[in-house]
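Biologist: Please walk me through reading this model. I would like the general idea each time, then the case at hand.

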Amino acid sequence: MAACGRAPVQAQAPSAPLKALTPAPLGVAVMSGQLDDPAWTTLARRHVSQLTPEWEMKMEYILGDDGAFRFDAPDRIDAFARANAMRLHGHALIWYSQGQDWFEAIKPARREQAFDDYIARVAGRYRGQVAGWDVVNEAVAEDGDGLRDCHWSAQFGQDGYIARAFERTRAADPDAVLFLNDYNLENLPRKGATFLRLVERLLRAGAPITGIGTQAHLDIDIPAGQITAFMRDAAAFGLPIHVSELDAPMGSGLIDRARRDARRRLQTARVTEYAEAFAALPERQRYAFTLWGLRDTDSFVNRQGGDDSPLAFDGDGRPTPLFQALADGFAAAR
């Protein structure tokens, strides 16, 4: 089988922490409950240099329908990051899928102030503590045909709510890098092009966008070179780039060994390409490279009982082939 080039890809035991192999901070998404898991915290302390709250810094967690704020979980994540010399990345202030019930219950005359006050309170609370914010998340339509309509755009306009969010975040946290963050930008070239046109349009209008976030939930079946092409186009703005939520599912239900091995080879090829394209950026444009979960069992892909392997470590904290794919990609660009 090996002579036919069909042997499964094997991960090597890591000789160095992943953060030492990454040419920028190596981030991971975290839920506060994981901080009670000694196996998770031990693995994170060794391999990670930046944390992104996966859910508990989003409006859905922080803001109740009655307008009450809660900060217990994001404060705990922030404290863990500071105690372990890790950066904190803020995720996410304004998202089309959250806040509708609260916002539409407010009298129209008060909505502008409520929008501004939310950003001021959340971004202001972590001022000087986060390195950057995902200010607006997923503004581009699913298929890349224009922008999403949502409760924020109904009030301020499609470009208007985005520009307003960036302006208010800049006032609340002047030193943070401010990101427009979206997904499928490399998977769907049409969506990537729409996203980059939005960045260009907002910058021309004076919006203080200072970073580009590409989530990188990878479709491993995309053609080779498509990731590199998007990163090249995004880099043309000269802004810091955050690979902000990388995972690479192989597809659940892969019972057949030969099929699973073939999917693993596709996965590692695309992840290596992403790592190489990121590492090839100018140093000032490499903000961070973040995985959307540390172990396969932490992934939202597997929380409903899946058996995929989309991350750099398995459920026991051993490196998966994706770990080596990242290390190979980062090394190739040196």
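**Reading burial, helices, strands and salt bridges**

Modeller: Start with R303, which is partly exposed, with a relative accessible area of 40%. Buried means under 20% relative accessible area, exposed over 50%, and partly exposed in between (1.4 Å probe, protein chains only). This is a predicted model: local features need pLDDT of at least 70, side-chain atom pairs count only at pLDDT 80 or more, and totals for chains, interfaces and linings use all residues. Residues are numbered from 1 along each chain as its sequence is written, and side-chain values use heavy atoms, with hydrogens and water left out.

Biologist: Which residue meets the side chain of R303 in a salt bridge?

Modeller: A salt bridge is a side-chain nitrogen of Lys or Arg within 4 Å of a carboxyl oxygen of Asp or Glu. R303 pairs with E54, at 2.8 Å from N to O. E54 lies in the loop between β2 and α3, and R303 in the loop between β8 (286-291) and α12 (321-332), so the pair ties together parts that are 249 residues apart in sequence. E54 counts as buried, at 6% relative accessibility.

Biologist: Where do R257 and D261 lie?

Modeller: Both are in helix α11 (residues 257-279), 4 residues apart, about one turn of the helix. Helices (H or I, at least four residues) and strands (E, at least two) are DSSP runs, numbered from the N terminus. An α-helix has 3.6 residues a turn, so residues three or four places apart point the same way. R257 forms a salt bridge with D261, the closest N and O atoms being 3.3 Å apart. R257 is exposed at 54%, whereas D261 is buried at 9%.

Biologist: Which residues of α4 are buried?

Modeller: They are A73, P74, I77, D78, F80 and A81. Seen down the axis of α4, the buried residues fall within an arc of 160°, taken from the directions from the helix axis to the C-beta atoms. They therefore line one face of the helix. On the other side of α4, D72, R82 and A83 are exposed.

Biologist: How many residues of strand β4 (residues 130-137) are buried?

Modeller: 8 of the 8, so β4 is largely enclosed by the rest of the structure. Now the pairing: two strands pair if DSSP finds at least two bridges between them. β3 and β4 run parallel, joined by 6 bridges. Here H91 stands opposite D134 in β4. β4 also runs parallel to strand β5 (residues 177-182), with 5 bridges. The bridge partner of G132 in β5 is V177.
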